[in-house]
Amino acid sequence: MTPGGLPPATPTGAPADGVAKRLAAVRERINAATRRAERPVDSVRLIAVSKRHPLETIAAAYAAGQRDFGESYVQELCDKAQHAAALPDLRLHMIGHVQTNKVARLLGAASTLHSVDRASLVQEIDKRHATTDGATPLDVLVQVNVAAEPQKSGCRPEDLGDLLERIEQCPNSMRLVGLMTMPPHSEDPNVARTVFDDLRRLRDAHGGVARLPELSMGMSNDLEEAVMAGATMVRVGTAIFGERPK
Ligand SMILES: *Cc1c(COP(=O)(O)O)cnc(C)c1O
């Protein structure tokens, strides 16, 4: 029992009934940024990052019209995929690092993988896909470690060309759709903006929009910078669902 007979807080500390309001506020931020960038309002897709939040928060966002959700852990994504099967058109995006031995579980559960970062992962997806009944090709983005941070995953910019070619050699199992990046932690929005601009330039150097239509970049604190730099997918967690439970 909580003191004073108050209803217990949800495990997230972010009551599901606040989700619709915060979601609307994030959508408005995206719309304002697209107007400022003179881009069409529907040119940016919001991925609501629900990692470590319970199913009820996903259900609340779904009820408010949200269809794309981001998860960072394979097991959690698979658990949620089972329950989310009852929600039509819901798409789960894998945005975290994927260990090669978890690929089989991911196939069929995720619609899109944002974090392809090495040839061995491409190879494993192709191999596992061939043995997964009825699986459609997985939409994939290559994660690039633009700022060359040692602790961060993502391929080196100089390895990007080779990785893109390897993906395109597996049309039965994967569909190459774009690039993804995460900027270094910084209070200064210019740091993120520089990284986002670098990712766009990398895209332009590797076939442009025709080959790589999607740029997945921008989170709760820097989505405006990302939209200005050309993001087509922003991955927003905290601003929608509140702080993540530990
Ligand atoms: C957690 C996470 C996000 C969301 O970050 P917020 O700051 O909560 O918006 C976006 N992208 C990736 C890859 C993440 O792991």
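The structure holds 0 aromatic pairs, a pair being two rings of Phe, Tyr or Trp (its six-membered ring) whose centres lie within 6.5 Å, with planes under 30 degrees apart counted as stacked, over 60 as edge-to-face and the rest as tilted. The model is a predicted one, in which local features need pLDDT of at least 70, side-chain atom pairs count only at pLDDT 80 or more, and totals for chains, interfaces and linings use all residues. Residues are numbered from 1 along each chain as its sequence is written, and side-chain values use heavy atoms, with hydrogens and water left out.

A charge over a ring was found at Tyr62: Arg67 lies over the face of this residue, at 3.7 Å from the ring centre. The criterion is that NZ of Lys or CZ of Arg is within 6 Å of the ring centre and within 35 degrees of the ring normal.

Salt bridges were searched for in the whole structure, and 19 were found. Side chains of opposite charge can pair when their charged atoms come close. Here a salt bridge is a side-chain nitrogen of Lys or Arg within 4 Å of a carboxyl oxygen of Asp or Glu. One of them joins Arg29 to Glu224, with the closest N and O atoms 2.8 Å apart. This pair links distant parts of the chain, since Arg29 is in helix 1 (residues 19–36) and Glu224 in helix 9 (residues 223–229), 195 residues apart. Helices (H or I, at least four residues) and strands (E, at least two) are DSSP runs, numbered from the N terminus. Arg29 counts as partly exposed because its relative accessibility is 26%, whereas Glu224 is buried because its relative accessible area is 18%. The classes are buried for under 20% relative accessible area, exposed for over 50%, and partly exposed in between (1.4 Å probe, protein chains only).

Another salt bridge is formed by Glu168 and Arg211, whose closest N and O atoms are 2.7 Å apart. It also links distant parts of the chain, with Glu168 in helix 6 (residues 160–168) and Arg211 in helix 8 (residues 208–211), 43 residues apart. Glu168 is at 39% relative accessibility and therefore counts as partly exposed. Arg211, with a relative accessible area of 23%, is partly exposed.

Asp204 forms a salt bridge with Arg203, the closest N and O atoms being 3.3 Å apart. Asp204 is partly exposed, with a relative accessible area of 48%, while Arg203, at 7% relative accessibility, counts as buried.

Asp139 was examined for its surroundings. This residue belongs to strand 5 (residues 138–143), and its relative accessible area of 18% is why it is classed as buried. Its side chain makes a polar contact with the side chain of Arg175, at 2.8 Å. A polar contact is a pair of N or O atoms within 3.5 Å; within protein, one must be able to donate a hydrogen and the other to accept it, and residues adjacent in sequence count only if both atoms are side-chain atoms. When residues up to four places away in sequence are not counted, Asp139 touches Ser111, Thr112, Leu113, Arg175 and Val177, where contact means heavy atoms within 4.5 Å.

Val98 occupies the loop between strand 3 (91–94) and helix 4 (103–106). It counts as buried because its relative accessibility is 0%. Apart from neighbours within four places in sequence, its contacts are Val74, Val103, Leu106, Leu113, Ser115, Arg118 and Leu121. Val98 and Ser115 are 17 residues apart along the chain, and their C-alpha atoms are separated by 7.3 Å.

A disulfide is a covalent bond between the sulfur atoms of two cysteines. The search of the whole structure found 0 disulfides, the cut-off being a pair of cysteine sulfur atoms within 2.5 Å. For Cys155, the closest cysteine sulfur is in Cys170, 16 Å away, so the two are too far for a bond. Cys155 is buried, with a relative accessible area of 4%, and Cys78 is buried, with a relative accessible area of 13%.

Glu38 has a positive phi of about 55° and is found in the loop between helix 1 and strand 1 (45–49). Its relative accessible area of 74% makes Glu38 exposed. Ala148 has a positive phi of about 50° and lies in the loop between strand 5 and helix 6. Ala148 is exposed, with a relative accessible area of 56%.
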